[in-house]
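Reader: I would like to learn how to read sheets, helices, cores and ring pairs in a model. Could you take me through one, feature by feature?

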Amino acid sequence: MTQQTPLTELPEWKALVESAAQLKKAPMNLTSVMTPERVREFSLSLDTPEGPFLVDFSKNLVDAEVWQQLGRLAEATKVATTVRRTLGGEAVNRTEGRAALHTALRCRDPAAVVSAAGAGGADDVMPGIRRVLAQMRDFTERVRSGAWRGHSDQTMTDVVNIGIGGSDLGPAMACQALAHYGHSGGLRMHFISNVDPTHLAEVLRLVNPATTLFIIASKTFTTQETLANARAAKAWFLEHSGAGEAAVAKHFVALSTNQRGCQEFGIDPANMFEFWDWVGGRFSMWGAVGLSIALFVGMDHFEQMLDGANFMDRHFLETIDQPSKCVPLVLALLGVWYNNFLDAQTHAILPYDQYLARLPAYLQQCDMESNGKSTNLDGQKVDYSTGSIIWGEPGTNGQHAFFQLIHQGTKLIPCDFLAPAQGINPPFEQHELLLSNFLAQTAALMMGKSEAQVRADMKNLPEAERDALTPHRIFAGSKPSTSIVYPKLTPFQFGSLVAMYEHKVLAQAAIWNINPFDQWGVELGKKMANDLLPCVQDAVRVAAATAAGDICPEASKILQQY
Ligand code: F6P
């Protein structure tokens with residue numbers, strides 16, 4: 001979808017520029033506008049089979065007028081059309097001539113036909129998806145039940161997933177998020193991504209080759225880091241197992257679109273779990289790349305995760321024409337408001353749920369690799385800000401680290417606070433403490449603390465001391481946050497949450513008129529790293545050159561070719 005009128009020339013855009021200018025002149029006092037009606041107007045509750053999924057966006061710097069203007073911007077930029085085209089399987093990833101159909105991986109309708117209009121024309125993707133899901137079920141059940149045996153007839157105790165980016169972050173995050181559901185299979189999960197051999201070495205120290213299953217996860221099967229780690233893991237396995245090459249088939253499987261690459265590596269084609277070029281790496285944990293998740297939590301739980309994502313997909317499609325009803329679009333519009341009109345540079349993701357500790361890291365790729373673009377779909381340089389810097393940590397840890405800056409620093413940092421209504425682990429009084437912190441922080445950000453309150457708190461201090469301390473103790477307040485509360489962290493709710501953020505990213509890309517499905521920006525560094533390899537074989541010389549703020553002459557010759 002491209003826009004005929006440049007985005008910043010649209011009257012809907014200009015109206016928001018005007019509203020933002022007014023807001024900067026007369027800042028909004030969130031506490032004074034907060035009423036039960038406002039909370040009703042600016043919150044959504046989705047009826048999931050496990051209870052309400054709540055999104056309260058009333059503590060954001062929007063009033064009814066700005067909200068309507070944002071809704072009109074969504075209409076003017078034809079977000080709904082882009083969303084329907086994407087989820088309908090059109091080749092929306094134009095720079096790579098592909099569809100972006102990861103939503104089909106979690107399509108739960110047994111009769112569904114979903115077509116991917118890739119470069120090769122339209123194909124129903126569902127038979128392939130169902131075949132791989134069946135293959136995953138069969139394999140995971142054999143491993144978990146002990147029917148799958150290693151080279152010395154032992155059952156598997158450890159799974160090592162080797163991959164990077166989308167072939168690591170999704171499954172690593174999900175295995176941590178769903179750890180409570182992973183105890184039944186008795187498998188220990190490990191993830192190796194970094195090309196730094198330390199990552200591999202520290203995992204291999206923990207596992208026994210006779211009882212370890214290695215998963216090589218790489219969409220392309222050409223990624224330098226993954227192949228280097230996979231080769232090193234295979235060499236370690238052959239050396240430490242004392243088994244011959246034939247044993248590799250019992251200990252190595254691959255998740256990839258590249259059958260030839262897997263075979264060349266020595267993986268039995270029967271142990272390859274396929275996916276397709278219309279599944280972007282950062283959206284791939286819903287299919288074969290989720291094998292480690294399914295091994296850990298079992299295929300039934302994995303499919304519940306797909307159900308949850310599919311629930312959010314259907315909600316997104318059904319409500320995409322109604323900005324105030326559509327959760328991912330609400331998040332997208334708030335993000336655009338802060339990013340493009342109120343000059344926020346970053347967005348914090350703050351899960352009050354230890355299980356979601358890796359969600360911010362996962363969303364960094366999902367959001368920043370997708371929307372870190374400065375060229376629009378028509379090939380023109382954009383004259384507005386696109387993707388935000390995503391960051392965060394679980395609460396309450398973040399409160400004792402960076403919250404000071406959110407409360408009293410000089411930067412505007414919109415925050416998403418996420419929490420489960422119900423905890424999973426005792427003691428449950430501690431869950432209450434967690435929730436009280438969740439509520440307290442969003443309230444404190446909103447309310448701040450006025451000079452009068454600060455002075456009243458210090459009424460017993462000598463006046464001079466009170467005067468000196470007062471400015472330091474004032475909180476401006478009116479710092480925006482969105483609260484997202486799900487019933488409990490189940491596979492279903494987890495799937496819904498992740499899909500919600502994927503769709504937020506798509507809706508923002510539609511408004512910004514950019515392609516969220518390619519990532520050319522990371523290719524240059526990858527190629528340079530390969531070309532520079534011969535120059536870094538002398539580690540001492542590299543260290544000396546780096547210390548001298550220089551690069552070695554061979555390297556500089558290579559870099560001149562770029
Ligand atoms: O960093 C670029 C990237 O292509 C990501 O998009 C991708 O998730 C990652 O590398 C890993 O790629 P692959 O799965 O092909 O090894």
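Predicted model: local features only at pLDDT ≥ 70, side-chain atom pairs only at ≥ 80, totals over all residues.

Reader: Let us start with sheets. In what order do the 6 strands of the open sheet lie?

Author: The general idea is that strands of a sheet pair through backbone hydrogen bonds, either parallel or antiparallel. Helices (H or I, at least four residues) and strands (E, at least two) are DSSP runs, numbered from the N terminus, and two strands pair if DSSP finds at least two bridges between them. Here the order is S1-S2-S13-S12-S10-S11, with mixed pairing. Strand S1 (43-48) and strand S11 (389-391) are the edges, each pairing on one side only. From one strand to the next, the twist averages 15°.

Reader: Which residue stands opposite Val-55 in S13?

Author: That is Ile-484. Strand S2 (residues 51-56) and strand S13 (residues 481-486) pair in the antiparallel sense over 3 bridges.

Reader: Which strands does helix H21 touch?

Author: Contact means heavy atoms within 4.5 Å. Axes are lines fitted to C-alpha atoms, for helices over the stretch in contact, and angles run from 0 to 180 degrees between N-to-C directions. Helix H21 (residues 491-512) packs on this sheet and touches S1, S2, S10, S12 and S13, with its direction at about 150° to that of S13.

Reader: And the sheet of 5 strands: what is the sense of its pairing?

Author: The pairing is parallel, and the open sheet has the order S6-S5-S7-S8-S9. Its edge strands are S6 and strand S9 (272-274), each of which pairs on one side only. Neighbouring strands are turned by 20° against each other on average, direction ignored. Helix H7 (residues 126-145) packs on the sheet by touching S7, S8 and S9, and its direction makes about 145° with that of S9.

Reader: How many residues of S8 are buried?

Author: Buried means under 20% relative accessible area, exposed over 50%, and partly exposed in between (1.4 Å probe, protein chains only). In S8, 5 of its 5 residues are buried. Phe-252, Ala-254 and Ser-256 lie on one side, Val-253 and Leu-255 on the other, and both faces are covered. Strand S8 (residues 252-256) pairs with S9 in the parallel sense over 3 bridges, and with S7, also in the parallel sense, over 4 bridges. Val-253 in S8 is the bridge partner of Ile-215, while Ser-256 stands opposite Glu-274 in S9.

Reader: Which residues have the most contacts inside the largest nonpolar core?

Author: A nonpolar core is a set of buried Ala, Val, Leu, Ile, Met, Phe, Trp, Tyr and Cys residues joined through side-chain atoms within 4.5 Å. The largest core has 135 residues, and Trp-278, Trp-337 and Phe-494 have the most contacts inside it. H21 gives the largest share of this core, 14 residues. A second, separate core of 24 residues includes Phe-214, Ala-233, Phe-237 and Ala-243.

Reader: How many aromatic pairs does a search of the whole structure find?

Author: Rings of Phe, Tyr and Trp (its six-membered ring) pair if their centres lie within 6.5 Å; planes under 30 degrees apart count as stacked, over 60 as edge-to-face and the rest as tilted. The search finds 22 aromatic pairs. The pair of Phe-402 and Phe-403 is tilted, because the planes are at 35°, with ring centres 5.5 Å apart. Ring pairs also link Phe-214, Phe-221, Trp-236, Phe-237, Phe-252 and Phe-265 into a cluster.

Reader: Last, is His-102 buried or exposed?

Author: His-102 is buried, with a relative accessible area of 6%. This residue is in helix H6 (residues 102-105). Leaving aside neighbours within four places in sequence, His-102 is in contact with Trp-278, Val-279, Phe-283, Trp-286, Glu-502 and Phe-517.

Notes. Residues numbered from 1 in each chain as written. Heavy atoms only, no water.
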